[in-house]
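Hello,

I am handing over the structure we talked about, and I hope you enjoy exploring it. Have a look first, and then read on for what turned up.

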Amino acid sequence: MSGFCLNCQFCFAASRIFCYEFCCCCIHKKKDLKRNLNVLVLGLENCGKSYLLASLCGESTKDLTPTNGFSIKDVSFKNYTMHMKELGGSEKVQKYWSHYMDDTDGIIWVVDGSSSDLNGSKSVLHSVLKYKELHSKPLLVLISKVENLSKEYVAEELDLKDLCANDSFIIETCTSVEYVKDVLQRFAKLITFPEISDNEIN
């Protein structure tokens with residue numbers, strides 16, 4: 001009788017171990033299915049990059065200082081994690097942008113919506129997209145500090161139609177954190193399926 005009980009205990013323990021390993025395997029496999037996207041967040045100094053990323057991550061936006069170098073924030077969604085690498089926008093830091101362009105899946109360009117003079121932003125953006133590492137990478141233009149600038153005006157001022165082949169860009173305003181998160185999910189689809197334009201995604 002005692003031998004029978006020992007056999008039952010052994011079977012029960014073995015079943016628990018099997019179930020545990022099976023569950024762990026399933027969980028890890030599910031995590032592996034989550035895709036990682038590496039995105040560069042660029043823009044001129046004081047355009048609102050740090051504020052945008054802090055807001056997306058639910059961090060405090062008080063006492064923010066200009067990024068002097070780079071900062072990385074992760075924004076998680078159901079099927080992927082977006083690793084957002086923000087580079088400082090000062091002319092001094094711009095010289096080192098080229099060192100951070102490897103393994104980039106897409107570019108987010110932040111525009112200061114409180115200024116109607118976008119010549120500087122246009123010039124730097126066009127220079128950035130000439131780098132071979134960023135050739136044909138999807139582009140998301142986000143207009144921060146939204147005031148009177150329309151998406152159409154910014155797209156025209158930045159000359160996005162001629163700059164981006166096959167309409168591989170999205171341009172939106174940062175009206176709210178939730179809205180920007182929705183835009184990021186559209187951007188992820190544009191990265192994942194580059195042959196599809198944003199008009200087809202919508």
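How many salt bridges does the structure hold? There are four, and please keep in mind that this is a predicted model.

K151 joins E172 and R186 in a network of salt bridges.

Strand 6 itself (residues 169-173) is mostly covered, with five of its five residues buried. F169, I171 and T173 point one way from the strand, while I170 and E172 point the other way. Strand 6 runs parallel to strand 5 (residues 139-144), and five bridges join them; in one of these, V141 has I171 as its partner.

Another salt bridge is formed by K145 and D112, with their closest N and O atoms 3.6 Å apart. K145 lies in the loop between strand 5 and helix 5 (151-157) and D112 in strand 4, so the pair ties together parts 33 residues apart in sequence. K145 counts as partly exposed, at 39% relative accessibility.

Finally, the aromatic rings: a search of the whole structure finds three aromatic pairs. One of them is W97 with W109, edge-to-face, at 6.3 Å centre to centre and 80° between the planes. Both W97 and W109 are buried.

Best wishes

Technical notes:
Residues are numbered from 1 along each chain as its sequence is written. This is a predicted model: local features need pLDDT of at least 70, side-chain atom pairs count only at pLDDT 80 or more; totals for chains, interfaces and linings use all residues. Side-chain values use heavy atoms; hydrogens and water are left out. Buried means under 20% relative accessible area, exposed over 50%, partly exposed in between (1.4 Å probe, protein chains only). Helices (H or I, at least four residues) and strands (E, at least two) are DSSP runs, numbered from the N terminus. Two strands pair if DSSP finds at least two bridges between them. Rings of Phe, Tyr and Trp (its six-membered ring) pair if their centres lie within 6.5 Å; planes under 30 degrees apart count as stacked, over 60 as edge-to-face and the rest as tilted. A salt bridge is a side-chain nitrogen of Lys or Arg within 4 Å of a carboxyl oxygen of Asp or Glu.
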